[in-house]
Structures are given as structure tokens and as C-alpha cells.
Amino acid sequence: MQIVVNPSSATLVDLLKRPTLEMAEIEKRVIPILAQVKHEGDAALYHFAKAFDKVELNNLAVSESEIEEAKSLISEDLKTAIALAYKNIHTFHSSQKSKETPVETMAGITCWRKSVGIQKVGLYIPGGTAPLFSTVLMLGVPATIAGCEQLILCTPPNKEGKIHPAILYTANLVGIKQIFKVGGAQAIAALAYGTETIPQVYKIFGPGNQYVTAAKSLVTKEGVAIDMPAGPSEVMVIADDWANAAFVASDLLSQAEHGVDSQVILLSKSVDLVNKVNFELEKQLAQLPRKDIAQKALENSRAIILSNDEEIMNASNQYAPEHLIIATENVHELIHKVINAGSVFIGNYTPESAGDYASGTNHTLPTNGYARSYSGVSLDSFVKKITFQEITKEGIKNIGSAIETMAHNEELFAHKNAVTLRLL
């Protein structure tokens, strides 16, 4: 991993750039896929399965027999692990329920809100180089708690036309009934527009590569909501001599192995710590089955030595990492200075992997700097907030003249008249 010591402000900006393709180039490839699915429906999905996934499908929908088979293909150890993760994720997201209390803003005027689950949601589960069955929990659990009526799951098949059994097992555990063998930008198109087989949804959730991210952004222009722009995974680690170098290296590699377009950044005041981490990176990388992927990602990554905590925290907030690990002796001082981050992991014994799988927080998080303005997925992501108000005869008398004056000055006289008639 490249080491840079005390870069200038301008150089730091360049060092913190993500390894992304130009969005215009990506969209140029995605737009025809969206159009073909929109106009040809299932036929386009079968075509893209053959072209991209190298498989000829007989059916897009996962059958009951495939789900039953998946149950027998999962080890008891994995079932136990998934159950523990399910419990923690359910507990954390259930705690996010809020009770809306009616408020009397003035005598005779009562206002309140109601949370309503989005009726139809699409869940995209990546399955390319790694079958992310954990994402089924991260999306399916809060969706069911929110009361969403229809959960549509899309995930790419392998070359045998199969879905990884852990994805099917977890979807069944969560209670997802409609599962389809569709991946990539074409899956986003199917969820956005609907096809003969796949229902159209109102909001699409789930991480993916830059093509999936581009597809999600493009369909928002046609009235479909998305959770957030979520692209290649990334982690930033802030560490000092107090940190365990082996732990830091393992956290960097845990993100680097996601994909060749992932990025990991290490910030530190200590050259000694960075050198130790680099040594550990080489040692641990050699043992990884996905070392070729991780090695490529490390080419997009760097360790940056800065002079003090202020510079480090400014750089972190400028980068706005998806995952931020702070392993410093003064960690509880630094966490109060975090402004932009998707999810924060504190101390030597809080690996980012815990949030990816089983601690309870959601791992569907904003990447590519979107943590400056987006939150990660939560229970609120799956609900709408509808406001209600009730005004009595006394209330309209109390507020009426103010409404009339404001409407008159905006020259919206029908608005004014709707109040005037009630005051007669």
C-alpha cells in the first residue's frame, strides 16, 4: 500500500479520490439495458442472463423446491450464526420504532404523524464474486418490521442457474416469498418497471457495483425511490501506536477483498504503525483465497501520515467513508469530531466485519462520499411519514385571519376564500 507523508492540501484531495469510472461512461452502458428491459420485459432478462451471467434460464422465479433444497445444503453452524445475526439485527431495528404523539399547536388545532410501511419494496442482493446473504438480513428484517406488504428480491444466478443456498435460506427465514434470478442493472430495471414475472416496486434497496448504482440513480428520474447511491465498498481506518497493527491490516483487507474497485485508506500520525501495518498486509494477504482481488484493490489504496488529530479528522470528514474505524488511544475524544461517515467502529475489538454481519447495525451504507448527505439503511428507510391535522371550529377562528392574510399577500385568493367561508 502506497505511503504518503504530510501531503499538501491539494495533494490530499487527490489522494482521497475514489477509483471510479466516469459516470457518463457507465450510464452510456446502463441506459440501453434499462430501455430493453422496460420494453421487452422477461425476454430481455433471459437475454441478459445468457449474455452476462452465462446461463440459459428456464424460469426467472425461484421455486419452492429450490428453497427446500437450500435448507438441506446449509450447515447447522451457519444456521446458528444466521439466527444470532437475525436476532441482533431485529433487536436493533425494532428499537428504532417511534411512537408519534399528537400535538396541539394552538387551541383547536391538533397535528400528528403516522408511519406507514412502503407497500412494495425491491431488495437487490449482490451475488457475483461473493454471495451476500447477510444483505438479505440487513434489508429484509427492517422491511418486515416496517410492515412492507410485498418484498421482491432479485439476485444473480450462477452459471448453473442456481442461487446460493445461504441467500435462499436467509430469505425464507426472513419471510421473503418472491425471489428472482436476475442481477445487475437489468435487475434494477425489472424492479423499477415491472415485467411479466417480476412486480414493479415503489422503492429499491441494496448495494452493488457501479453499474447497479448507476441504474438505481437513473430510475429515480422515472419516479422510483432508492435507498441511496451505494457503490463499491470502502473503509477508512484511523490508528495510532496504541492500535494493534495486525487488527488494522485485517480490517483493511476485509474491505479490499470485496472487489477490485474497493478502496481502503489508513490515516495515522505514526510512521512506525504504518510500517507495521504494511508488513501485516503482506503476510495476511498471502493467506487469502481472494488475494488477487484484494491486491488489486490495494493498488487503489494508501496510507497517509498526517501531523495531528485535527488534520486526520478533517481528512476523514472530507472523505466521508462508508466505514470508519477509529483505533486510537483517545478514540472517545475523536468520535465526537466525526461529522461524515456511514458507520463508525470504535477501538481495537470492533472490527468492521461485526457490522457487516451480526452486531445489529445495518451494513447498507452510503459510499463514494455520499455519507456527507445520506444515512445508512434503517427502519425509517422502509416507511413513509404521513401527517394528519384536525381543526375545530374554535381552531379555525384562532388561525383563520393569519391564513387569510398570508394567502392574500401571495395573491392566492381561492386559498383565502376556503378559510373565509368557514369563518362566516
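Let me start with the aromatic pairs. There are 5 of them in this predicted model, where rings of Phe, Tyr and Trp (its six-membered ring) pair if their centres lie within 6.5 Å, and planes under 30 degrees apart count as stacked, over 60 as edge-to-face and the rest as tilted. Phe48 and Phe52 make a stacked pair, with 5.4 Å from centre to centre and 10 degrees between the planes. Both lie in helix H3, residues 42–52, and they are 4 residues apart, about one turn of the helix. Helices (H or I, at least four residues) and strands (E, at least two) are DSSP runs, numbered from the N terminus. An α-helix has 3.6 residues a turn, so residues three or four places apart point the same way. Phe48 is buried, at 5% relative accessible area, while Phe52 is partly exposed, at 46%. The cut-offs are under 20% for buried, over 50% for exposed and in between for partly exposed, with a 1.4 Å probe and protein chains only.

Trp112 and Phe388 are also stacked, at 5.6 Å centre to centre and 5 degrees between the planes. This pair links distant parts of the chain: Trp112 is in strand S3 (residues 109–117) and Phe388 in strand S14 (residues 383–391), 276 residues apart. Trp112 is partly exposed at 28%, and Phe388 is partly exposed at 31%.

A word on conventions. Residues are numbered from 1 along each chain as its sequence is written, and side-chain values use heavy atoms, leaving out hydrogens and water. As the model is predicted, local features need pLDDT of at least 70 and side-chain atom pairs count only at pLDDT 80 or more, whereas totals for chains, interfaces and linings use all residues.

Next, the salt bridges. The whole structure has 17, each being a side-chain nitrogen of Lys or Arg within 4 Å of a carboxyl oxygen of Asp or Glu. In one of them, the closest N and O atoms of Lys216 and Asp227 are 2.7 Å apart. Lys216 sits in helix H9 (residues 210–219), and Asp227 in the loop between strand S8 (225–226) and strand S9 (234–239). Are these two partners buried or exposed? Lys216 is buried at 0% relative accessibility, and Asp227 is buried at 10%.

Lys385 bridges to Asp380, with the closest N and O atoms 3.9 Å apart. Lys385 is partly exposed at 31%, as is Asp380 at 46%. Salt bridges that share partners join Glu100, Arg113, Asp380 and Lys385 into one network.

Now Ile265, in strand S10 (residues 263–268). Ile265 is buried, at 0% relative accessibility. Leaving aside residues up to four places away in sequence, its contacts include Leu15, Val235, Arg302 and Tyr319, contact meaning heavy atoms within 4.5 Å. Leu15 is 250 residues away along the chain, yet the two C-alpha atoms are separated by 9.3 Å.

Last, helix H4, residues 64–73. Which of its residues are buried? They are Glu66, Ile67 and Ala70. Seen down the helix axis, they fall within an arc of 100 degrees, so they line one face of H4; the arc is that of the directions from the axis to the C-beta atoms. These buried residues pack against helix H7 (165–174) and strand S6 (178–181). The face turned away from them carries the exposed residues Glu64, Ser65 and Ser72.
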